[in-house]
Amino acid sequence: MEGVERIGRTDGSGRIGRVGRIDGADRIDGVDDTRRALGGFLRARRGRVAPEHVGLVGGGRRRVRGLRREELAQLAGISVDYYVRLEQGRATQPSSEVLDALATALGLDEAERGHLATLAGARRGPAPRARVSPLLQRMLDAMTHFPAFATNHRLDVVAWNAPGAELVGGLADPGRRDRNNARYLFLDPASRDVHPDWEARAAEVVGQLRVAAGRYPDDAELAALITELSSRSSEFRRIWATGEVVMCVAGRKRLRHPVAGLLTLDFETLHVPASPGETGLVVHVFSAEEGTREAAALARLATAAGSR
């Protein structure tokens, strides 16, 4: 998936995991409970490690894909009982030494280690209430030739400029398009026309929601959004079950505009912190190399947006 940093995925079995109840609605693993999320992430990680790749004997009949619990515990130098309790959510806040040993045994990269530490930290607290400042809106409006919009950690589109609304369509009219990018992708069939690489965009959105769920486990609105999507979209459930967690950075995306046609655009993400240590808002900016067909198309869209 171009333009995203991969953090994790499961063994691809397609299982959602246990479903509980939260405020009368279904709850899925990884939402509202950091201990369950940590256990799910560890299960997913050991499920992708082939025993023979870490010096263990593989092959034969194995009940699980990847490493067994006792094998991972052995590689990490911790007791099997402690690891089982950790995976089952019965052990809380493991030490940095234990996390480092598990990360090394699982072959996690830096991004994956960061996500593991977030889940293990059992961080509780309110999600950031980032606001769209007049300065941010002024900055967006000044980017007359660069379509841009800002999202919060729930993927609500909270600000945009005229070219951005023109590029993705409907942002200025809530009756045309849901302003939550996750609901739009999974519940609005029109999203498949706008995003020809729909599967990649859907996986990206699910991965971003999982990152947010790990960072803000007490966010009831986020939990409700994930629960709603899991109940209304089988494709959301399927992708959520893969366990992949991604962070959007920069890259290229293809978008289809009803007038400009299919466009391959560069994109960059700019982070506007709500407060030190908080994610706040993310500004998504699209551009094209000068002299290309895409650059000419963006210029026409900017002109059209300015005339509205």
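**Figure 1. Lining of the largest cavity in the predicted model.** Helix α10 gives the largest share of the lining of the largest cavity, 4 residues. The model is predicted, and 2 cavities of 30 Å³ or more are counted in it. For the largest cavity the computed volume is about 260 Å³. Its lining comprises 18 residues, of which F149, N181, H195, E204 and K253 are the closest to the centre. Two or more lining residues come from each of β4 (148–151), α8 (181–187), α10 (198–215), β7 and β9.

**Figure 2. The second largest pocket.** This pocket holds about 430 Å³ of space. Of its 24 lining residues, A165, E166, G169, G170 and R176 are the closest to the centre. Helix α7 provides the largest share of the lining, 5 residues. At least two lining residues are supplied by each of α7, α9 (191–194) and β7. Strand β7 is also among the elements that give two or more residues to the lining of the largest cavity.

**Figure 3. The largest nonpolar core.** Nonpolar side chains tend to be buried together in soluble globular proteins. The largest nonpolar core in this model has 24 residues, and the members that touch the most others are L38, L42, L72, I78, Y83, L102 and L116. Five helices each contribute at least two residues to this core: α1 (34–47), α2 (69–76), α3 (80–87), α4 (96–106) and α5 (110–120). The largest share, 6 residues, belongs to α4. Another core, of 21 residues, lies apart from the largest one and includes L155, A182, A212 and F236.

**Figure 4. Surroundings of L38.** L38 is one of the residues that touch the most other members of the largest nonpolar core. With neighbours within four places in sequence left aside, L38 is in contact with L86, L116, L119 and A120. Of these partners, L116 is likewise listed among the core members with the most contacts to other members.

**Figure 5. Helix α13 and its buried side.** Helix α13 comprises the 14 residues 293–306, and its end C-alpha atoms are 20 Å apart, in agreement with the 20 Å that should be spanned at 1.5 Å a residue. The buried residues of α13 are E294, A297, L298, L301, A302 and A305. These residues lie on the same side of α13, because they cover an arc of only 140 degrees around the axis. R300, T303 and G306, on the other side of α13, are exposed. The packing partners of the buried residues are α7 (162–168), β7 (250–257), β8 (261–272) and β9 (281–287).

**Figure 6. E294 within helix α13.** E294 has its place in helix α13. With a relative accessibility of 14%, E294 falls under the 20% limit and therefore counts as buried. Not counting residues up to four places away in sequence, E294 touches L262, L263, T264, L265 and A288.

**Figure 7. L136 in helix α6.** L136 is located in helix α6, which runs over residues 134–142. The relative accessibility of L136 is 7%, so this residue counts as buried. Its contacts, leaving aside neighbours within four places in sequence, are with V272, L281 and V283. W160 is 24 residues from L136 along the chain, and the C-alpha atoms of the two residues are separated by 9.7 Å.

**Figure 8. I239 in helix α12.** Helix α12, formed by residues 234–241, contains I239. I239 counts as buried because its relative accessibility is 6%. When residues up to four places away in sequence are not counted, I239 touches F186, E199, A202, A203 and V206. A C-alpha separation of 9.8 Å is found between I239 and V205, which are 34 residues apart along the chain.

**Figure 9. The chain as context for the close-up views.** The protein chain has 13 helices and 9 strands. Of its 308 residues, 48% count as buried. Among contacts between residues at least 6 apart in sequence, 58% join residues at least 24 apart.

Methods: Residues are numbered from 1 along each chain as its sequence is written. This is a predicted model: local features need pLDDT of at least 70, side-chain atom pairs count only at pLDDT 80 or more; totals for chains, interfaces and linings use all residues. Side-chain values use heavy atoms; hydrogens and water are left out. A nonpolar core is a set of buried Ala, Val, Leu, Ile, Met, Phe, Trp, Tyr and Cys residues joined through side-chain atoms within 4.5 Å. Buried means under 20% relative accessible area, exposed over 50%, partly exposed in between (1.4 Å probe, protein chains only). Contact means heavy atoms within 4.5 Å. The expected span of a helix is 1.5 Å times one less than its number of residues. The arc is that of the directions from the helix axis to the C-beta atoms. On a 1 Å grid over the protein atoms alone, a cavity is a set of points where a 1.4 Å probe fits but cannot get out, and a pocket is an open set with protein on both sides within 12 Å along at least five of seven lines; lining residues have an atom within 4 Å of a point. Grid points are joined across faces, edges and corners, and a volume is the space filled by probe spheres set on the points.
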